Amino acid sequence: MSMTSTVSNTVHPEEYLHLVDTVISLYITQRIDIADMEYADLYQTGCLALCHAAATYDPEREASFSTYASVVIRNRLYDYCRHVNHVHSQLLYLDAPLADDSETAYVDQLQAPSESPAELFPLLQIIQEEYSGIAAKGVNALLLQASGYSS
């Protein structure tokens, strides 16, 4: 008898794949300009969340599987989007402006190697302000090397 009750309570996630698409369209804004925020990435994350919902669903909690799975999918997608946005905010693109009111980009400041490392100081100092941790130490090492210190 317990085997039949277990079989009848089994949820088949493939029957609820439409929930992933619905949750994405209702709660998530796709950003094709950010890596890992395209529809395929969001859909994959939603499908993994649907499988997690199927594995953790308890029918005795008096909620339908659709309701439970929708909440699990939405929350997992929110966490995923927060993570992707955090990673994206830490990236520094060469075509990004040096300042909010400037049209000059990092790539515009890059020149062919010159004989005077002092020309690198302004760019390295700007970059150093943007970073912390190990990246800041690397930029600091470049500043020291440009000022004449050996490695």
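The largest nonpolar core, where a core is a set of buried Ala, Val, Leu, Ile, Met, Phe, Trp, Tyr and Cys residues joined through side-chain atoms within 4.5 Å, has 23 residues, and those with the most contacts inside it are Leu42, Phe65, Ile73 and Leu77. The model is a predicted one, in which local features need pLDDT of at least 70 and side-chain atom pairs count only at pLDDT 80 or more, whereas totals for chains, interfaces and linings use all residues. Residues are numbered from 1 along each chain as its sequence is written, and side-chain values use heavy atoms, with hydrogens and water left out.

**Cores**

- Once its neighbours within four places in sequence are set aside, Leu77 is in contact (heavy atoms within 4.5 Å) with Val23, Ile24, Ile28, Leu42, Thr45 and Gly46.
- Another core, of five residues, lies apart from the largest one and has Leu123, Ile127, Val139 and Leu143 among its members.

**Overall make-up**

- The protein has seven helices and zero strands, these elements being DSSP runs (H or I of at least four residues for helices, E of at least two for strands) numbered from the N terminus.
- Of the 151 residues of the protein, 24% count as buried, a class that means under 20% relative accessible area, with exposed over 50% and partly exposed in between (1.4 Å probe, protein chains only).
- Among contacts in the protein with a separation of 6 or more, 48% are accounted for by residues 24 or more positions apart.

**Packing of α2 with α3**

- Helix α2 (residues 17-27) packs with helix α3 (residues 39-56) at an angle of about 130°, their axes being 9 Å apart; axes are lines fitted to C-alpha atoms, for helices over the stretch in contact, and angles run from 0 to 180 degrees between N-to-C directions.
- The two helices are therefore oblique to each other, on a scale that calls angles under 35 degrees roughly parallel, over 145 roughly antiparallel, 65 to 115 roughly perpendicular and the rest oblique.
- The crossing of α2 past α3 is right-handed, the near helix being turned clockwise from the far one by less than a right angle in such a crossing, and anticlockwise in a left-handed one.
- On the α2 side Leu17, Val20, Asp21 and Ile24 take part, and they meet Tyr39, Leu42, Tyr43, Gly46, Cys47 and Leu50 in α3.
- The residues of this contact divide into eight nonpolar, one polar and one charged, where Ala, Val, Leu, Ile, Met, Phe, Trp, Tyr, Cys and Pro count as nonpolar, Asp, Glu, Lys and Arg as charged, and the others, Gly among them, as polar.

**Packing of α6 with α7**

- Helix α6 (residues 121-130) and helix α7 (residues 134-146) have axes 9 Å apart and pack at an angle of about 160°, and they are therefore roughly antiparallel to each other.
- The crossing of α6 and α7 is left-handed.
- Phe121, Leu124, Gln125, Ile127 and Gln128 of α6 make the contact with Ala136, Val139, Asn140, Leu142, Leu143 and Ala146 of α7.
- By class, the contact of α6 with α7 has eight nonpolar, three polar and no charged residues.

**Positive phi in the loops**

- Most residues other than glycine have a negative phi.
- Asp36, in the loop between α2 and α3, has a positive phi of about 75° although it is not a glycine, and Asp36 is partly exposed, with a relative accessible area of 44%.
- Glu62, in the loop between α3 and α4, likewise has a positive phi, near 65°, and Glu62 is exposed, with a relative accessible area of 78%.
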